[in-house]
Amino acid sequence: MKLKPLLASLCISVPLMMTSMSTVAVEKITLKLAHNLDQEHVVHKALDQMAKEIQEESGGKMRVRIYPNGQMGGPRETIEMMQNGALDMTKGSASEMEPFASAFSVFSLPYLFKDDAHFKRVLYGPVGQELMKQTDSKGFVAIAAYVAGTRSFYAKKPINSPADMKGMKIRVVSTPTTNKIIELLGASPAPIPFGEVYTALQQGVIDGAENNEPSYFQTRHVEVAKFYTEDQHTSVPDYLVIASKVWNGMSDEQRAIITKAARNSEVYQQKLWDEEVTNSRNKAQELGATFITVDKTPFREALSPLYDDFRKDANVAEWMTKIEGEANK
Ligand code: GCU
């Protein structure tokens, strides 16, 4: 009678025990990569291409096995698993990196980027490179950055201005900055994991959330929150990270193969992104979504106290200045 649960637990624990940590010293390695996005998401497609390239370039000796869709948990869990050796790689948004390195909080600063070119100049230029080094002392190394467009609010009721958000409960990737954004707009922040937002919206636990168009559509949140307000308050990139122990245990040749494939995945993902935003908008509209064009000024004004907060913190103020310095290059 007890055999079934026992077998099931063996099936789970055996792959977990076979972490590549023990195999990094030898040439053949299998890296386990978990993330919380859909298999249709362009970040998944880019990771998939990277896995293929790594396998090809290493003559089949290096493999990356991807576990998508949050099957190993959200970024909080997967980063922790990576830190204690149960997982080799994962993906987290800048907000999810923030508890480990406060510099990443700059991406939560509303309307920081002048335009998409400014954002990409930061992400893939010297400032972005320096930012990526900030997790090195935390047990993992950032090896790729992926664009994620802009995040906007969506809800069960139309939001035309901050005044409409008064009293609403809005899901955020909870950080001190994201919580404050919601509070400054007169609403209350709800720290719900990505994979649980659909049910929370459906059951009325929350009134809305905020994300980019691909995540709004692919998670099917559109079914339970039909009004997407294009206020575009933040641009929060995603990062691919690898456990320092795994990274440091590899040969130079192995690291070079991964670095090159990670770079190529960034290029491929950027190529796919804009088309995916259009595609997601169209499909969301087919499912009944209304996209609302708004005047961003009242949002910008309501959120401006965040700039004063950031200026008071010497560490983040420095990153803010560096990013602002890239605006007109
Ligand atoms: C985006 C982002 C994810 C993040 C998610 C969230 O989809 O790409 O990395 O986890 O938002 O809001 O939780």
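Analyst: Begin with the lining of the largest pocket, which draws at least three residues from each of domain 1 (28–148 + 236–279) and domain 2 (151–235 + 289–324). The domain bounds come from an automatic or database domain assignment. This is a predicted model, in which local features need pLDDT of at least 70, side-chain atom pairs count only at pLDDT 80 or more, and totals for chains, interfaces and linings use all residues. Residues are numbered from 1 along each chain as its sequence is written, and side-chain values use heavy atoms, without hydrogens and water.

User: What volume does the largest pocket have, and which residues lie nearest its centre?

Analyst: Rolling a probe the size of a water molecule over the atoms shows where empty space is left. A pocket is an open set of points on a 1 Å grid over the protein atoms alone, where a 1.4 Å probe fits, with protein on both sides within 12 Å along at least five of seven lines; lining residues have an atom within 4 Å of a point. A volume is the space filled by probe spheres set on the points, which are joined across faces, edges and corners. Here the volume is about 630 Å³. Of the 32 lining residues, Gly74, Pro75, Arg171, Pro193 and Phe194 lie nearest the centre.

User: Which helix gives the most to that lining?

Analyst: Helices are DSSP runs of H or I with at least four residues, strands are runs of E with at least two, and both are numbered from the N terminus. H3 gives the most to the lining of the largest pocket, with 3 residues.

User: Which residues lie nearest the centre of the second largest pocket?

Analyst: They are Asp115, Asp116, Thr150, Gln232 and Ser235, from a lining of 22 residues. The second largest pocket holds about 420 Å³ of space. Helix H5 (116–124), strand S9 (227–234) and helix H11 (252–286) each supply at least two residues of its lining.

User: At what angle do H13 and H14 pack?

Analyst: Axes are lines fitted to C-alpha atoms, for helices over the stretch in contact, and angles run from 0 to 180 degrees between N-to-C directions. Helix H13 (residues 305–312) and helix H14 (residues 314–324) pack at about 115 degrees, with axes 5 Å apart. In contact (heavy atoms within 4.5 Å), Tyr307, Phe310, Arg311 and Lys312 of H13 meet Ala314, Val316, Ala317, Met320 and Glu324 of H14.

User: Where does pLDDT stay under 50?

Analyst: pLDDT is the predictor's confidence in each residue, from 0 to 100. It stays under 50 over residues 1–26, while the mean for the protein is 92.
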